[in-house]
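Trainee: Before we discuss this protein, could we look at the model together?
Mentor: Here it is.

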Amino acid sequence: MNGSTWSTEEIALLREIFPHLHSEDVAILMGRSTSAIRNAAQQAGLRKTTEYLKSNTCGRAHSINNPAMLAAQFKPGQPSWSKGTKGRVGIHEACRANHFKPGQKPPQWRPLGSERLAKDGVLVRKVADTGIKSADWQTVHSLVWIEQVGPIPAGSIVVFKAGKKTSVASEIKPENLECLSRAELMHRNSYQRYPPEIAKAIQLRGALNRQINKHTKAINEPHQHSPSASS
């Protein structure tokens with residue numbers, strides 16, 4: 001009787017006994033798992049009868065036969081136990097000591113100027129207190145660049161030069177940093193995973209291609225604007 005295929009006789013038997021018996025009992029009688037019985041019954045659109053659901057065999061708790069449940073039920077017009085209270089403060093006074101007070105800072109709060117290491121090991125400094133981590137904390141090497149060199153252009157990022165990365169604030173200096181466009185940074189990261197000699201060759205090839213494209217563009221521009229080219 002095991003397996004996923006159901007015969008016509010099995011489906012007929014399931015339709016006959018499922019509405020009146022507990023699903024586990026049906027599974028034992030038919031040699032199927034309880035989940036298989038429930039799935040097959042659902043696919044067949046079978047439901048338990050009202051008489052079964054009201055019976056003790058069903059396993060549900062029924063207040064009609066349980067005085068304790070009847071006593072605990074809400075009566076018409078009975079107010080709820082929490083009516084007129086605001087949260088749990090009005091009921092459990094001991095909770096007041098552990099509640100945040102207006103203006104109270106959470107334990108992890110740090111004052112402006114605080115420094116810490118980010119997950120990637122980069123030193124960051126708190127520059128604002130908006131509650132938005134990405135706005136409140138900035139990398140120290142970016143702040144050093146802005147302070148001593150100037151603003152970072154849109155679409156660019158300040159990074160450490162090769163072999164110069166450090167998390168010591170006093171060692172983060174402009175001469176150890178460089179400002180790259182995100183495209184340049186992506187290109188650099190793409191070839192730095194190779195051995196040094198191959199990475200150097202890829203870098204030189206990229207520089208050569210840029211110079212070729214620059215000269216090609218300069219040669220083609222006069223032709224594009226000449227009268228013969230536009231006619």
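Predicted model: local features only at pLDDT ≥ 70, side-chain atom pairs only at ≥ 80, totals over all residues.

Mentor: Residues are numbered from 1 along each chain as its sequence is written, and side-chain values use heavy atoms, with hydrogens and water left out.

Trainee: What percentage of the residues of the protein count as buried?
Mentor: Buried means under 20% relative accessible area, exposed over 50% and partly exposed in between, with a 1.4 Å probe and protein chains only. The protein has 10 helices and five strands, where helices (H or I, at least four residues) and strands (E, at least two) are DSSP runs numbered from the N terminus. Of its 231 residues, the buried share is 21%.

Trainee: Which residues beyond four places away in sequence does Ile37 touch?
Mentor: Ile37 is itself a member of the largest nonpolar core, and contact here means heavy atoms within 4.5 Å. Leaving out residues up to four places away in sequence, the partners of Ile37 are Trp6, Leu14, Phe18, Ser23, Val26, Ala27, Met30 and Arg32.

Trainee: Within what arc do the buried residues of H1 fall?
Mentor: The buried residues of H1 are Glu10, Leu14 and Ile17, and they pack against H2 and H3. The face turned away from that buried side carries the exposed residues Thr8, Glu9 and Glu16. Seen down the helix axis, the buried residues line one face of H1, because the directions from the axis to their C-beta atoms fall within an arc of 85°.

Trainee: How many residues apart in sequence are the parts that Arg32 and Glu10 tie together?
Mentor: Side chains of opposite charge can pair when their charged atoms come close. A salt bridge is a side-chain nitrogen of Lys or Arg within 4 Å of a carboxyl oxygen of Asp or Glu, and Arg32 and Glu10 meet in one at 3.1 Å, N to O. At 8% relative accessibility Arg32 counts as buried, and Glu10, also at 8%, counts as buried too. Arg32 lies in the loop between H2 and H3 and Glu10 in helix H1, so the separation of the parts they tie together is 22 residues.

Trainee: Which strands hold Arg125 and Glu115?
Mentor: Arg125 forms a salt bridge with Glu115, with the closest N and O atoms 2.8 Å apart. At 25% relative accessibility Arg125 counts as partly exposed, as does Glu115 at 36%. The pair links parts of the chain 10 residues apart, Arg125 being in strand S2 (residues 123-126) and Glu115 in strand S1 (residues 115-117).

Trainee: Is Lys126 buried or exposed?
Mentor: Lys126 meets Asp129 in a salt bridge at 3.2 Å, N to O, and Asp129 is partly exposed, with a relative accessible area of 40%. The relative accessible area of Lys126 is 6%, so this residue is buried.

Methods:
Core = buried A, V, L, I, M, F, W, Y, C linked by side-chain atoms within 4.5 Å.
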